[in-house]
Structure formats: structure tokens, C-alpha cells
Amino acid sequence: RSGTWDEKWERKLDDLVAFHTKNGHFNVSYSANKTLYNWVAEQRNRYKEGELAQDREEQLESIDFEWERPPARSGTWDEKWERKLDDLVAFHTKNGHFNVSYSANKTLYNWVAEQRNRYKEGELAQDREEQLESIDFEWERPPARSGTWDE
């Protein structure tokens, strides 16, 4: 591995500036650049959770970074799916796992269950499988902890 954590962060910021210069926005799609997509999602989530270092927040502010992902223009199925992926990344950033409970977020719980089922049935599109793999998604729901209704 080359470079320190800070140098790697600075390189990602440079990549984001180049993306913005070329495209005129910060809405990096997974298909355009999965590494940058994941990095941008992580910055937004850390900011939302109050966990982004002040100097990094200031660097992103200096390029007029959009902290909220812009609303989907057409609301296509792919855009909705990517928003759910963003929600899952945010959940993982906050909780350290992908075991979304129904009571915590019923919509995300159902979406995660659907992705796991489609994967198990061999019906999940390859690009979506790769997107989930890139965030180290757990395809099997972890076993229930002791003292739950499942026992």
C-alpha cells in the first residue's frame, strides 16, 4: 500500500474534483466509478453522523460539495436501487453491520431481504451483486442473538 491514510483521502478528493470538473456535479454513479462512489457515500454518511474530521469537512466545503445526494431526476429503478444502497452504506457506517432490523427501518429491512433472496435464487443482476460485494455485504443473515423470538 502506498501513501498514508491522509494521502489516500487527498487523492480521492482530487478524483472528486476531477469528476466535478468533467460532469458539473458530485453525484457519482456506481457504474461510473465504484471506488469514488463508495468514498463519496462514506463522506456524506460521516458528515451526517457528525464523524467527519473538521479539516476534511472544510476541504469538501471549499469545493462546494453537496452533502445530500440530489434527488433523482426521473426516479428510475436504478436510481431508487442506488439510493437504497446509499441507505445501507449509511446504516453500516453507523452500526458496523448489515443486520437491519424490521423495527429500525422496515423499508431497508425489506430491501436487504429482497437482495439476499434474489442472490440466493440467482436472480440478482451481476452489477448489483458487484455493488453489494464492494461494500462487503453479508449474503447470509447472521444467526439470531440469544434471547430472541427466533430461539
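**Pocket and helix packing**

The lining of the largest pocket has five nonpolar, three polar and six charged residues. (Ala, Val, Leu, Ile, Met, Phe, Trp, Tyr, Cys and Pro count as nonpolar; Asp, Glu, Lys and Arg as charged; the others, Gly among them, as polar.) The model is predicted: local features need pLDDT of at least 70, side-chain atom pairs count only at pLDDT 80 or more, and totals for chains, interfaces and linings use all residues. Residues are numbered from 1 along each chain as its sequence is written, and side-chain values use heavy atoms, without hydrogens and water.

**Pocket**
- The largest pocket holds about 330 Å³ of space.
- A pocket is an open set of points on a 1 Å grid over the protein atoms alone, where a 1.4 Å probe fits, with protein on both sides within 12 Å along at least five of seven lines; lining residues have an atom within 4 Å of a point.
- Helix 2 gives the largest share of the lining, six residues. (Helices are DSSP runs, H or I, of at least four residues, numbered from the N terminus.)

**Helix 1 with helix 2**
- Their axes come within 10 Å and cross at roughly 105°. (Axes are lines fitted to C-alpha atoms over the stretch in contact; angles run from 0 to 180 degrees between N-to-C directions.)
- Helix 1 and helix 2 are therefore roughly perpendicular (65 to 115 degrees).

**Helix 1 with helix 3**
- The axes of helix 1 and helix 3 (residues 54-62) come within 11 Å and cross at roughly 15°.
- These two helices are therefore roughly parallel (under 35 degrees).

Definitions and conventions
Points joined across faces, edges and corners; volume = space filled by probe spheres on them. Parallel < 35°, antiparallel > 145°, perpendicular 65-115°, else oblique.
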